Amino acid sequence: MILDTIVFNSVFVITDRRVLNKQLQNTILGFDHIDGQIETITDADNSEKLARIINDDNTRIVITTLHRFPVIYKELTSRSGKRYAIIVDEAHSSQSGKSAEKLKAALADTDDALREYAEIEEIEAEELEKKKDALMEDLLAQGQHNNLYFYAFTATPKPKTLQTFGELAEEGENPEDNKYVAYHNYSMLQAIEEGFIKDVLKYYTTYDTTYEIAKRIEADPSYQETPATRAIKAFHDNHQHVIAQKTAIIVEKFREVTLNAMLGKAKAMVVCSSRAHAVRYFLEIKRYCQENNITDVNPMVAFSGTVLYEGVEYTETKLNSADGRNISEAKLPLYFASDLYNMLVVADKYQTGFDEPRLHTMFVDKKLKNVKAVQTLSRLNRWHKDKKDTYVLDFCNKPEDIKKSFEPFYKGTELINPVDVNYVYTFRKDIQMFQLWTEGDEQKFFDLLQDISKQKDRLGVLSNAFKSTIGRYEELDEEKRFEVRSKIKNFVRFYSYMAQIARTFDKDLYKAYVYADYLYRLLPKNPKERIDLNKQIMLVNSKISEGETVSIQMEGTVKPLKGENPKAGKPKNDNEDLLSRIIDKVNIMYQGQFSEADRVIVESIYDKMVSTAKRKLTKQANNTDEKQFEESIFPQIFDEVARGCYVEQMDSFAKLFENSDFYRNVMTQMARVMYENYKKKEDELPFIPALFKERFLTDLKAEFSDLAPYLPDLSLAADCFIKTLNAKSVATIDGANELLLDSFNRIYCLENMKLVDKRRLFNTIVTKYEVFLKKVYYLLHQKEMVNTKNESSMPTFIDCILSFSCLRGLKYNQDERYQKFYTYLELVKQWRNNESHTAPDASLQELNSAVHVVSTMYLWIILHHVEELNRVINE
């Protein structure tokens with residue numbers, strides 16, 4: 001039967017993202033329609049256009065973003081008697097916030113709500129209508145309305161989505177025992193089986209990364225563990241050596257897999273952890289292709305805003321515009337869809353809502369979980385006639401974690417333990433216990449909001465209204481501040497959510513919500529310590545190995561979602577520890593390939609072992625060899641500590657005793673680190689000038705043989721070098737005296753040095769070459785070097801080079817005998833500026849060659865000033 005009556009005055013197609021809005025507009029405008037019946041609100045339109053369309057009531061379909069409604073909801077005329085259909089795309093991401101509130105305020109017919117309120121107040125609706133003010137208008141717009149019909153679409157519903165738009169399938173004794181399901185379910189599994197989308201989990205390859213970090217500095221400062229651990233991981237992930245390793249894998253796998261898929265027309269996406277990460281990957285992919293004469297990989301990059309990398313500001317448009325093309329952000333999807341480009345490097349952008357059917361392969365270098373994992377990987381699932389399969393290569397996530405993320409959405413979604421909306425009253429009562437503000441403050445602020453349009457400095461006026469409240473908040477200790485801020489956040493969040501599904505007509509509660517909402521934006525956050533360890537640590541080694549290609553299979557049953565936990569958060573106890581110990585724990589985690597869920601086990605056992613068994617470990621490590629320590633001594637100590645931890649936290653440590661392979665892995669990794677730490681080393685190495693001089697000259701004398709007739713005696717120069725290292729100048733320079741002398745002494749006189757120790761010493765002599773040049777300059781001129789461009793700034797390495805003719809003249813000296821030393825100087829400059837100084841996988845032979853080059857340049861500067869330095873030092 002065909003109805004010839006109009007069911008809805010208008011149909012609104014709503015999304016919360018501009019890209020999706022444009023896609024929907026193009027799709028719907030492509031249908032046959034009568035001119036004037038469809039209106040689109042584009043980026044170029046102002047919001048008044050939407051208000052005019054709604055008030056005129058002549059348009060049948062309106063396509064717009066959700067964020068337009070807060071701007072125009074007060075400008076709309078009566079909606080009494082009008083019915084609207086609201087089609088919401090990507091409903092999981094937008095329907096419980098401010099914009100969703102104002103959409104209802106804009107379109108709701110509140111006549112029924114007014115009658116309901118009048119009945120509660122026991123007065124006539126007409127009388128209540130006369131008393132209607134802004135407060136009542138907002139209260140009447142809350143809850144569900146008979147004239148609004150929502151059709152909400154999402155592949156990844158959140159708990160709030162199901163409770164707002166789903167159906168109550170089972171009613172429990174209490175609200176939190178209810179069970180909600182979607183009104184209609186077209187599951188991911190069904191769509192795959194019917195051929196509408198591809199299974200993105202069918203060919204999933206993981207790569208395992210193991211690495212070791214070491215301290216670059218002699219000191220051992222303390223840091224808070226969490227930010228320091230995060231900084232160490234960021235140091236590794238952004239290390240040039242690691243980026244280069246992964247880039248080679250990405251490009252070669254792209255050429256092996258992607259270019260052979262979809263008749264050679266397939267494309268790939270590289271998912272990065274940050275905007276800076278995306279820029280580095282893009283530049284490294286371009287560099288790798290150029291150096292290897294690869295012409296069939298054509299990347300683009302997508303990120304928001306500006307990124308500063310190595311002193312240069314980059315934008316998406318700047319990086320993508322080449323070969324005479326000016327590719328704006330808006331044009332990127334069109335260019336990527338063409339045959340000109342086949343790889344897109346992204347950071348958040350295009351991980352959701354991006355529709356490119358030829359996208360076949362994804363390279364993931366970012367932690368993904370829950371909805372984000374499903375949304376990101378689903379970029380590959382679009383159907384195309386030539387797409388037989390998809391391929392994922394993942395550097396960061398385990399198949400079991402991806403499976404866990406997909407399970408709630410694969411066969412259908414249901415919600416258990418939904419939120420009881422009455423929790424908003426609990427939160428308000430908890431906040432009142434802190435006595436930060438009164439109901440009188442709430443009323444004053446609400447009145448102020450009604451008149452704010454008359455004020456010139458609206459932001460200043462609103463901010464002043466909270467001064468006394470913020471003052472009382474700042475008087476609380478850190479733990480209390482965290483607690484109350486968390487409760488205010490939850491009160492605002494849950495009230496906003498509650499207003500979508502229920503009406504309370506509680507004026508006082510609403511005014512408290514308005515006050516708390518504005519206050520929360522002004523409350524100072526607890527500062528998070530941001531730690532930069534790039535100059536204090538170095539990468540010893542990094543290994544990336546290919547794992548299995550698996551097909552991730554889902555279980556047969558539906559995995560229900562659980563509602564949000566309404567309890568306020570608690571501040572994390574972040575212990576402070578020495579950098580060396582934090583590094584140990586990171587190394588154990590990554591060399592053992594433990595997951596983040598295992599961190600509490602690894603770190604707790606390590607900390608307890610250091611605090612309770614250090615003396616025993618030291619004694620045993622120095623009385624046994626490494627094999628005996630790991631196999632016969634350490635297991636008993638480890639077991640005692642592990643069982644003690646289990647007694648204190650049974651739930652957290654259950655895995656340790658339930659999984660014997662995991663137990664052995666933790667024990668083995670920890671034994672290696674403990675033996676290394678507590679085995680006594682010959683820390684004191686006496687400096688014997690004659691021995692050092694002999695070995696120093698043996699290494700270097702051949703370098704100067706061609707110039708021997710023009711240079712002082714090398715033996716005298718070596719003596720002068722030792723004197724210069726020990727000479728006194730000024731405090732800012734002399735701090736490096738002992739460090740340099742000890743480093744050179746160990747490099748040339750310590751037998752059987754470990755590679756990691758030699759690398760650390762090399763880092764010292766290459767970074768301190770600048771300080772040494774400043775010292776020589778001071779001794780020669782009896783004054784400190786100055787910055788030639790800005791005397792108020794410290795002199796740079798370039799200033800150091802320009803201050804000595806024997807260095808600055810090398811570049812222009814055409815004599816081949818001198819060109820060698822210019823090459824050495826350039827290498828020193830390069831190593832000094834490089835964050836790692838030497839590649840972490842450099843062999844001992846390569847490291848010895850680098851030490852030789854740097855030592856040569858130390859002696860070069862001395863050879864040109866032996867006489868003057870000897871005179872000054874002797875005086």
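Me: Let's start with Asp 757. Buried, partly exposed or exposed?
Reply: Asp 757 counts as partly exposed, at 27% relative accessibility. Keep in mind that this is a predicted model.

Me: Which residue does Asp 757 form a salt bridge with?
Reply: Arg 760. The closest N and O atoms are 3.0 Å apart.

Me: Where do Asp 757 and Arg 760 lie?
Reply: Both are in helix 33, residues 755-767. They sit three residues apart, about one turn of the helix.

Me: And Arg 760, buried or exposed?
Reply: Buried. Its relative accessible area is 18%, and the cut-off for buried is under 20%.

Me: How many salt bridges does the count come to?
Reply: The count is 45 salt bridges.

Me: Pick another. What about Lys 366 and Asp 348, how far is N to O?
Reply: 2.7 Å, between the two side chains. Lys 366 lies in the loop between strand 15 (359-365) and helix 15 (370-377). Asp 348 is in the loop between strand 14 (343-346) and strand 15. So the pair ties together parts that are 18 residues apart in sequence.

Me: Which residue does Arg 428 meet in a salt bridge?
Reply: Glu 439, at 3.5 Å from N to O. Arg 428 belongs to helix 17 (residues 423-432) and Glu 439 to helix 18 (residues 439-451), so this bridge ties together parts 11 residues apart in sequence. Arg 428 counts as buried at 13% relative accessibility. Glu 439 is partly exposed, at 45%.

Me: Helix packing next. At roughly what angle do helix 7 and helix 22 cross?
Reply: Roughly 95 degrees, with the axes coming within 11 Å. Helix 7 covers residues 134-141 and helix 22 covers residues 507-522. The two helices are therefore roughly perpendicular to each other.

Me: Which residues make the contact of helix 7 and helix 22?
Reply: From helix 7, Leu 135, Asp 138 and Leu 139. From helix 22, Lys 507, Tyr 510 and Lys 511. They divide into three nonpolar, no polar and three charged.

Me: Thr 64, where does that lie?
Reply: In strand 3, residues 61-65. Thr 64 counts as buried, at 0% relative accessibility.

Me: What does Thr 64 touch, leaving out residues up to four places away in sequence?
Reply: Val 13, Ile 14, Thr 15, Asn 21, Ile 41, Leu 50 and Phe 69.

Me: And Arg 472, where is that found?
Reply: In helix 20, residues 467-475. Arg 472 is partly exposed, with a relative accessible area of 31%. Not counting residues up to four places away in sequence, Arg 472 touches Gln 435, Leu 436, Trp 437 and Asp 441.

Me: How far are the C-alpha atoms of Arg 472 and Glu 751 separated?
Reply: 64 Å. Along the chain they are 279 residues apart.

Me: Zoom out. How many helices and strands in the protein chain?
Reply: 39 helices and 20 strands. The C-alpha trace spans about 110 × 65 × 60 Å along its principal axes.

Me: What share of the 875 residues counts as buried?
Reply: 49%.

Me: Last one. Among contacts between residues at least 6 apart in sequence, what percentage join residues at least 24 apart?
Reply: 78% in the protein chain.

Notes. Residues numbered from 1 in each chain as written. Predicted model: local features only at pLDDT ≥ 70, side-chain atom pairs only at ≥ 80, totals over all residues. Heavy atoms only, no water. Axes fitted to C-alpha atoms, helices over the stretch in contact; angles between N-to-C directions. Helix = DSSP H or I, 4+ residues; strand = E, 2+ residues; numbered from the N terminus. Parallel < 35°, antiparallel > 145°, perpendicular 65-115°, else oblique. Contact = heavy atoms within 4.5 Å. Nonpolar A, V, L, I, M, F, W, Y, C, P; charged D, E, K, R; others polar. Buried < 20%, exposed > 50% of the residue type's maximum accessible area, 1.4 Å probe, protein only. Salt bridge = Lys/Arg side-chain N within 4 Å of Asp/Glu carboxyl O.
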